[in-house]
Amino acid sequence: MGYRTFAAALVMSASAGALATAQQADLPSQEADSRQETVIVTGTTAFGATKSDTPIVETARTLSVETADMFIDKGALNLASALAYVSGVTAEPYGFSTRGDFPQSRGLELPRYRDSIQELFGSYNSTRADLYTVEQIEVLKGPASVLYGQGSPGGIVNYVSKTPRDTFGGELRAEVGNFDRYQVAGDVTGPIGGEDSPFSFRLVGLYRDTGTQVDQVDEETKVIMPSLAWQATPDTRFTLIGLVQDTDSDTAAQFIPIKGTLEPLDDGTYLDWQVYAGEEGFNRYNTSSDQVTLLGEHRINDNLMIEGTALWRSGEADYHQAWPAFIGGTRYINDVLGVNLFSDTTVARTFYQGDNTFDQLAGDIRLRADFTTGALEHELLAGVQHQDVETDSNTSYYFAGGALAGDFRYVLDLKNPVYTGAPDQAVFDAIYNDAPTQTTKDTGVYLSDQMAYDKWRFTAGIRFDSVENEAGAVSQEDDAVSTSFGVLYRFDNGFSPYVSYAESFEAVVGTDINGNQLEPEEARQYEVGFKYEPRGIPGLITASYYDIEISNLPNPNSLPGNAAQQQGISTLKGFEAEARLQFDEIYFQAAASTIDAEDPNGFKLAAIPETQASIWTTWRPDGAWEGFKAGAGIRYVGETVSENATLSYTTPDYTLGDLMVGYEWDQWDFSVNARNITDEDYLTGCLTRGDCFPGLRRTVVASLSYDF
């Protein structure tokens, strides 16, 4: 199915009605009585992505929300799959992965937040977030430095944690699936010491043992998340959340060559895309993390409230992997040597060891004030945020496994692999790089005002940040001012057009050729769009056009040796539309997006599709069929391009189907979910460095849960 046909069908379906929405602004303290009705969030909480409970339809920004019920119905197993139906988000830019989730919004990375505070810094140094600990996922798109300080111009993704309820209840859940997937989980909550007690608790736990589509890659994960809430007074509430997670696994990405995946081999055949290029007994990706989060709310009077979030987090990763080495423009040994010593699909392998750690202390406290000045109603947010982060990455990198020096003991034929072992540990000890610890301290003071005048809604924000970076003898300080503005008008018929402007920045550590400190990368976004909340049925439809410019990037036209000069500019322009509708028994969700993104060289951003579209619908009938449920979805992802001055690779588009069928009775819920139901072979992207990323094969999971 081509994109134009798919998009036309999507638009026709969306115009048939508008999407279901039910107010759920206090989701962290309420539980839906039944999953018979889909809940569509029209607002977030004070610990959500906007740090506000202002309804989405009154916010002059693009915000998408997926509740747990939504992504469970769709069969999502991780963050990437949970965002696959969100407009403008590239869920799997690097294919099937076990090292983490790498979703991108508007062509750029999405930093990971939890309860409105950043939860992950650096790469491959901690666990990936588990969906079973999450109430909902929020994607705030575009620059967000006024609320969050330095970060990606693409936006943020924020998890809302499961927190204690004031009434007793819970769930026991078991799952079994293909690739030898087994999982058991439990979630129990309620008051401590009776219904009138000021204390309530929640305990979430999970154990998962699973294989994957790559035979040698397995995963074992253990999660425990206890939390305690204290309603100290009617106006004061504290919530303490602990989270301990441990995962032992291997790396799914094998970095297999373009020749044999995107392009045929010399004999016209292709590699097995699920080939294992690592080394059993050597490869591993074992991660652990511990964290404690404190959420606090205190209402001073009818007009003033103090809110705060504090986070301590520590993580580590023991990462070993062998992968095909890229030598002289190819990964195949014979092409490098110019002689046929091996099979024409034999590669040298790089052997890597990484010992990465991550430690964080962060806090965000803000005062919220509601007041009027003349005809203007204000919701003023004034806050101070500080974070202190240490990351450490010590590595050993044995490039090509000695093949360049004539040692061919560790080569591998990707078409007929025979695993020969890894180098002795003494080899890695001799080349061990004990890198200096990198410390980042960021303090920001911000002010944001949301104003209402009749049917007009105005937003204005400003923030000042001071950032300190240290790595060994290198020390750097940066200052930045960020602003944002927005105007929205609410018509009586539910239609709300808006325009907005937002900025972001990110510190760049280093000096230019003249010894001057590099300036932060800066971005600005213009956005225009509308939001429509139908009057006849519950629903929300949004559409937006954005224009992002990122400056102070490396100069693509500089002379050799001058690449650090900050004269490069990257531009991203695109359109996004999203709809969520509830028609009695049927829930309908649709999304479509386009993007035109160029790096400072004028080349397209790698692994980012120019077009995407999706439709999902769920049927929960009443009457004689009550309890039955079924869902179906289609996801279209357009072709991607990776290019430089001499190479250009185009990865084909693909269309995937997802299905769900199940039955709910009494306190029981049984479901079977299938993602990529037709088991399509597809590549999510191929890079000019020479490798490709296979997507997720058909995944079928049956689950049975008991609610009490």
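Select lysine 162 and tyrosine 132: the charged end of the lysine sits over the ring of the tyrosine, 3.8 Å from its centre. Keep in mind that this is a predicted model. A second contact of this kind can be found by selecting lysine 531 and tyrosine 498, where the charged end of the lysine lies over the ring, 5.5 Å from its centre.

**Aromatic pairs**

Next come rings beside rings. Across the whole structure, a search finds 39 aromatic pairs. Show phenylalanine 282 and phenylalanine 428: the pair is stacked, because the ring planes stand at 25° and planes under 30 degrees apart count as stacked. Their ring centres are 5.5 Å apart. This pair links distant parts of the chain, 146 residues apart. Phenylalanine 282 is in the loop between strand S14 (256-257) and strand S15, while phenylalanine 428 belongs to helix H6 (residues 425-430). Is phenylalanine 428 buried or exposed? Its relative accessibility is 1%, so phenylalanine 428 counts as buried. Phenylalanine 282 is buried as well, at 7% relative accessibility.

Now select phenylalanine 491 and phenylalanine 495. They form a tilted aromatic pair, with 6.3 Å from centre to centre and 35° between the planes. Phenylalanine 491 is partly exposed, with a relative accessible area of 38%, and phenylalanine 495 is also partly exposed, at 30%.

For a group of rings, select Tyr94, Phe102, Tyr124, Phe255, Tyr285, Tyr319, Trp323, Tyr352, Tyr397, Phe399 and Phe693, which ring pairs link into a cluster.

**A nonpolar patch**

Turn to the surface and select Ile192, Phe199, Leu228, Trp230, Phe238, Leu240, Val292, Leu294, Trp312 and Leu361. Together these residues form a nonpolar patch with about 840 Å² of accessible area. Which elements give two or more residues to the patch? They are strand S12 (219-233), strand S13 (236-249) and strand S15 (284-299). Phenylalanine 238 lies in strand S13 and is partly exposed, at 34% relative accessibility.

**Two open sheets**

Strands of a sheet pair through backbone hydrogen bonds, either parallel or antiparallel. S2 pairs with strand S3 (residues 104-105) over 2 bridges, and threonine 90 has glutamine 104 in S3 as its bridge partner.

Another open sheet of 3 strands runs in the order S14-S36-S35, again with antiparallel pairing. Its edge strands, S14 and strand S35 (683-686), each pair on one side only. Between S14 and strand S36 (residues 691-694) there are 2 bridges. Select isoleucine 256 to find cysteine 692 of S36 opposite.

**Salt bridges**

How many salt bridges does the structure hold? There are 47. Start with glutamate 119 and arginine 112, whose side chains meet at 2.8 Å, N to O; both residues are buried. Go on to glutamate 175 and arginine 173, where the closest N and O atoms are 3.2 Å apart. This pair, too, has both residues buried.

Then select glutamate 610 and lysine 604, which form a salt bridge at 2.8 Å, N to O. Glutamate 610 is partly exposed, with a relative accessible area of 35%, and lysine 604 is partly exposed at 31%. The last stop is a network: Lys51, Glu307, Asp364, Arg366, Arg368 and Glu379 are joined by salt bridges that share partners.

Notes. Residues numbered from 1 in each chain as written. Predicted model: local features only at pLDDT ≥ 70, side-chain atom pairs only at ≥ 80, totals over all residues. Heavy atoms only, no water. Patch = residues over 30% accessible without salt bridge, like charges linked within 9 Å, V, L, I, M, F, W, Y side chains within 5 Å. Areas by Shrake-Rupley, 256 points an atom, 1.4 Å probe, with all protein chains shown as cover. Salt bridge = Lys/Arg side-chain N within 4 Å of Asp/Glu carboxyl O. Helix = DSSP H or I, 4+ residues; strand = E, 2+ residues; numbered from the N terminus. Buried < 20%, exposed > 50% of the residue type's maximum accessible area, 1.4 Å probe, protein only. Phe/Tyr/Trp six-rings, centres within 6.5 Å; stacked < 30°, edge-to-face > 60°. Lys NZ or Arg CZ within 6 Å of the ring centre and 35° of its normal. Pairing = 2+ DSSP bridges.
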